[in-house]
There are 2 protein chains.
Amino acid sequence: MPVQPRTPPGVLELLPPQQLAFQRMLDTIRRGFERFGFMPVETPVFELTDVLLTKSGGETEKQVLFVQSTGDLQAVEQAYAQRASAPETAVPGPKHALRFDLTVPLARYVAEHEHQLNFPFRRYQIQRVYRGERPQKGRYREFYQCDIDVIGKDVLPLAYDAEVPAVIYGIFRELAFGAFTIHVNNRKLLRGLLEGFGIAVEQHAAVLHEVDRLGKQERSEIEKRLVEGVGLESAVATQLLQLLTGGAGDSRAVLDALRRFEHATPTFTEGLDELSRVYEGTIALGVPEAAFRVDLSIARGLDYYTGTVYETFLDEHRKLGSICSGGRYENLAGHYTKSKLPGVGISIGATRLFSQLVEMKVIGATTSAVAQVIVVAVEPGLVATYAALATELRTAGLNVEVYGGDDKLGKQMKYADRAKIPLVVILGEREQATGIVKVKDLRANAEHDVPRGELAARLRALL
Amino acid sequence: MPVQPRTPPGVLELLPPQQLAFQRMLDTIRRGFERFGFMPVETPVFELTDVLLTKSGGETEKQVLFVQSTGDLQAVEQAYAQRASAPETAVPGPKHALRFDLTVPLARYVAEHEHQLNFPFRRYQIQRVYRGERPQKGRYREFYQCDIDVIGKDVLPLAYDAEVPAVIYGIFRELAFGAFTIHVNNRKLLRGLLEGFGIAVEQHAAVLHEVDRLGKQERSEIEKRLVEGVGLESAVATQLLQLLTGGAGDSRAVLDALRRFEHATPTFTEGLDELSRVYEGTIALGVPEAAFRVDLSIARGLDYYTGTVYETFLDEHRKLGSICSGGRYENLAGHYTKSKLPGVGISIGATRLFSQLVEMKVIGATTSAVAQVIVVAVEPGLVATYAALATELRTAGLNVEVYGGDDKLGKQMKYADRAKIPLVVILGEREQATGIVKVKDLRANAEHDVPRGELAARLRALL
């Protein structure tokens, strides 16, 4: 009795036309990274458990997937068996675990290879990561992340923060998922604002937690919680939220308004200066004002990012949340090295984004196959001719299939149509004699008579 | 105290210049597959254990790596705890396991999605696979496989067997690792030969096992074992080995000699006909005789391949063994479906091949970075000009970095040199005034004065 073939739950497995669309998306992202000179890095799918989980316990560890060999499992079994006589026997924990993001492996990589890398170190990494999620809609146990980071040794100039939105802009313009806006803020500026409003340092985390909900929840609810939950004075909460949500998307106006802020602290001034320079630098890199927005309501997490922060939204699909996020951090690899490694980076969660855009019909399956041309086999005596013709077309840069059987032409045409191969080359005895080959364009349902010598050029023109 | 950052043993982690060389190798392989119209497929890194391990026990299972979530580990712990009071408590086995090749996942994929696929189904898959190997030189726990397969429904014409060597030829010609030869044989022909020599069916496996060692061990040793171990008559062993190793690489001569074989059985004749047609078909596809060899000593495994078999060797590096192997099989997915799915395919073990060729200095690290051009920052007042210039060059299709700090020019040049960025654009106040930009070619240690308006074209010409 055969085993029922099943894809494991919680992963996105695609049929070939969708896979091709997804691969083209990854190719566009990679090309966008390479345009800015980022170098590729790949790390193994698993890391040593003690290296991966430097912060023991916590939510992250609950989601980690561990890897064990048959030998590892036997050692566990033996340890439990020995407990019968020696109750103190320790059971060995899993030695390996699957990476749950690309940031921890990057930190490990940079710390381990520090002396062989050239700083500022610019790397991109496009690989899958793993989470032991309970499978549910929109939550994946395996998904692609597409990351870039620039890592400095001791220092990293702010110019790199201004480059990041230009990378994002280039990629999402080419992906053509519709209008998008890159929202940029600065954590120092935010902290300085809270200081300026006289909010105690102990309250900052709670306030930023609420700020993070702007745009997702009603402002009045957030304001209420800031007063009743966090304990801000009502007037402070109102003014703060007004400032954070003001400007109506005009970055220059927002920055100008901040320059007039009456309670500026040194942190505030430093943050405002950084944000202004990131704004100017990004615009100088050709990112249009319409795609960039200084947005004081972007807070992003609490402990990791220390300066510039980014989120990106599709204007027509705000409810997807940010599709590309990141920021500046003080020190990448404090768990692994005493070197100070500041950096700035972003991540695109490609699997989730792709599946959502497919569901919303923003992305369709590819409308044509990898093969651009199929040579059908209408005359068994001409098999060698078909082979030579296909080789000639491949040498001319076309992706070409030759139909391999002696099925009736109707069946061959049906195969080409279902496979979405756009152009069919038909060469029978008559075409061989006249030197005029038939080309069927299955997309236009049109037929062309093409002199044999012009075939490659004409096929290319038809594509 | 920081944790020591360590790459897990048994994996190949590369520094960025090597990673770039490896990625270019994978890109070439992918392009070679796409040239023949193969469609991409990716499967999840883990499969359900019962689906992956349809054949329970055996060598394969010993090498499988299993995946367990925190919840899975807790369930194991609980089961062992319950054994104290209920000794019969079953311990749950791991629900997921990492794929150990791409063939079993392909079988599962085709069987599961059979009704949504277009047959003959042509797919390529370039992903990593996992083995619980004891880490040692040349053995990896994680490595890339690059596979193509053509899968038929019920039948698959022999024409597809002739296409495979053409795919191999196109790829290895472009990879330029030196001269290579694709060795081709047919399992039916081999079986028919043994039948013709009157060797009992029960002895075939043992004989083919010895045949597989031709080229790796002394022929006299193999002959001795065929007689003393397997029990062939001495004259039969001699004649058989003579026939299997004859022809001196002249495919046509080997085929002609076989046509004169006196003890032809129906299986022999069918195999010889197939092998002849694969040879003719491959040559028709433009593969030169020098790169193709009918080689009767290629046996490849025992139970899986049923017709054509392929191995590929680098002529100057025979000791690497076959760098691209595969063959024709009767039925891909018998464990998962009652449909008969014959196929033909090959696999390139890219990680092992790459690491061996690096060690032998056939492959070096890339001599230039992803970035083709770096704009150095010599004048703080011109930062916006550098940004606009970089954007212009990127739009013209170049991969461009802008140096982000205000370091001295010497430090910036050292960065460019270490990063292996070939071209440096220098634009200071003087160049801004004259409209003549300086371009340094770090490879040639040459300097060029280039009019601002011709910059993109000149940089492209210099690359």
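What we're looking at is a predicted model. For the model as a whole, the scores are ipTM 0.95 and pTM 0.96. In chain A the mean pLDDT is 93, with 98% of the residues at 70 or more.

Let's take chain A as a whole. You can count 17 helices and 16 strands in chain A. Its radius of gyration is 29 Å, while the globule rule gives 23 Å for 463 residues, so chain A is more spread out than a compact globule. Even so, 45% of the 463 residues count as buried. And here's one about the fold: take the contacts in chain A between residues at least 6 apart in sequence, and 69% of them join residues at least 24 apart.

Now the domains. Chain A splits into domain 1, which is 16–45 + 100–359, then domain 2, which is 46–98, and domain 3, which is 373–462. Notice that domain 1 is written as two stretches, with the numbers of domain 2 falling in the gap. The centres of domain 1 and domain 2 of chain A, taken over C-alpha atoms, are 35 Å apart. Where those two domains of chain A touch, eleven residues of domain 1 are in contact with ten residues of domain 2. On the domain 1 side, helix 5 of chain A, residues 103–112, gives the most, with three residues. By class, that side of domain 1 in chain A has six nonpolar, two polar and three charged residues.

Next up, how do the two chains meet? The contact takes 81 residues from chain A and 81 residues from chain B. On the chain B side, helix 1, residues 16–35, gives the most, with six residues. Sort that side of chain B by class and you get 41 nonpolar, 22 polar and 18 charged residues.

Strand 3 of chain A and strand 3 of chain B, residues 65–69 in each, pair in the antiparallel sense over five bridges. If you want to find the spot, look for A:F66, which stands opposite B:Q68.

While we're on strands, have a look at chain B. It has an open sheet of eight strands with mixed pairing, and the order is 1-5-6-11-10-9-7-8. Which strands stand at the edges? They're strand 1 (39–40) and strand 8 (292–294) of chain B, and each has a single partner strand, so one side of each is left without a neighbour in the sheet. Quick reminder: strands of a sheet pair through backbone hydrogen bonds, and they can be parallel or antiparallel. Strand 1 of chain B runs parallel to strand 5 (residues 121–130) of chain B, and two bridges join them. In that pair, B:P40 stands opposite B:Y124.

Okay, some single residues. The peptide bond from A:F119 to A:P120 is cis, with omega near -5°. A:P120 lies in the loop between helix 5 and strand 5 of chain A. Chain B has a cis peptide bond too, joining B:F119 and B:P120, with omega about -5°.

Then there's A:I323, in the loop between strand 9 and strand 10 of chain A. A:I323 is buried, with 22 other C-beta atoms within 10 Å. Leaving aside neighbours within four places in sequence, the contacts of A:I323 include A:F313, A:I348 and A:L353.

A:K420 is in the loop between helix 15 and strand 14 of chain A. Its phi is near 65°, which is positive in a residue other than glycine. The answer is buried: A:K420 has 20 C-beta neighbours inside 10 Å, and the cut-off for buried is 20 or more.

You'll find A:N445 in the loop between strand 15 and strand 16 of chain A. A:N445, though, is exposed, with 7 other C-beta atoms within 10 Å.

That's it from me, thanks!

Methods:
Residues are numbered from 1 along each chain as its sequence is written. Chains are lettered from A and ligands numbered from 1 in the order in which they are written. This is a predicted model: local features need pLDDT of at least 70, side-chain atom pairs count only at pLDDT 80 or more; totals for chains, interfaces and linings use all residues. Helices (H or I, at least four residues) and strands (E, at least two) are DSSP runs, numbered from the N terminus. The radius of gyration is taken over C-alpha atoms; the globule rule is 2.2 Å times the number of residues to the power 0.38. A residue is buried if 20 or more other C-beta atoms lie within 10 Å of its own, exposed if 12 or fewer, and partly exposed in between; C-beta atoms are placed from the backbone. Two residues are in contact if their C-beta atoms, placed from the backbone, lie within 7 Å. Ala, Val, Leu, Ile, Met, Phe, Trp, Tyr, Cys and Pro count as nonpolar, Asp, Glu, Lys and Arg as charged, and the others, Gly among them, as polar. Two strands pair if DSSP finds at least two bridges between them. Domain bounds come from an automatic or database domain assignment. pLDDT is the predictor's confidence in each residue, from 0 to 100.
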